[in-house]
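Here is a short tour to read alongside the chain on your screen. Take a moment to turn the view around before reading on.

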Amino acid sequence: VTIDEVLVNSLVDVGSVQQAAERIKKLEQDKDGNLMAEVLAASRGEVNGVTADTIEYRSDTTRGFNHFLLRVALKNGKLYNV
């Protein structure tokens, strides 16, 4: 788990979950040695009354194949990543 302070208070302020997933995909694609990046699923829901995004993606790199499942929530200016 990581917690970062940010300047917004809601994931809705950042954009849709699809926009967030595409930004992550682009970051992966731009990494050195990346051969492929693909978003498998992206959904937005609530966890204990807090909006949370779940994003699943995979990337194939010269260092191996990676499969990620990311859950992100934002509350009171703090971004929580699991």
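## What counts as buried

A residue is called buried when its relative accessible area is under 20%, exposed when that area is over 50%, and partly exposed in between. With that cut-off, buried residues account for 30% of the 82 residues in the chain. Please keep in mind that this is a predicted model.

## Overall layout

If you trace the chain from the N terminus, the elements come in the order β-α-α-β-β-β-β. That gives two helices and five strands. The C-alpha atoms fill a box of roughly 40 × 20 × 20 Å along the principal axes.

## Surface and charge

The chain has an accessible surface of about 5,400 Å², and carbon and sulfur atoms supply 51% of that area.

On the charge side, you will find 10 positive and 12 negative side chains. The centres of these two sets lie 2 Å apart.

## A closer look at S59

Let's end with one residue. S59 sits in strand 3, which covers residues 50-61. Is S59 buried or exposed? S59 counts as buried because its relative accessibility is 1%, and the cut-off for buried is under 20%.

Definitions and conventions. Residues are numbered from 1 along each chain as its sequence is written. This is a predicted model: local features need pLDDT of at least 70, side-chain atom pairs count only at pLDDT 80 or more; totals for chains, interfaces and linings use all residues. Side-chain values use heavy atoms; hydrogens and water are left out. Helices (H or I, at least four residues) and strands (E, at least two) are DSSP runs, numbered from the N terminus. Buried means under 20% relative accessible area, exposed over 50%, partly exposed in between (1.4 Å probe, protein chains only). Accessible areas come from the Shrake-Rupley method with a 1.4 Å probe; for residues, only the protein chains shown count as cover. Lys and Arg count as positive and Asp and Glu as negative; His and the chain ends are not counted. The place of a charge is taken as NZ of Lys, CZ of Arg, CG of Asp or CD of Glu.
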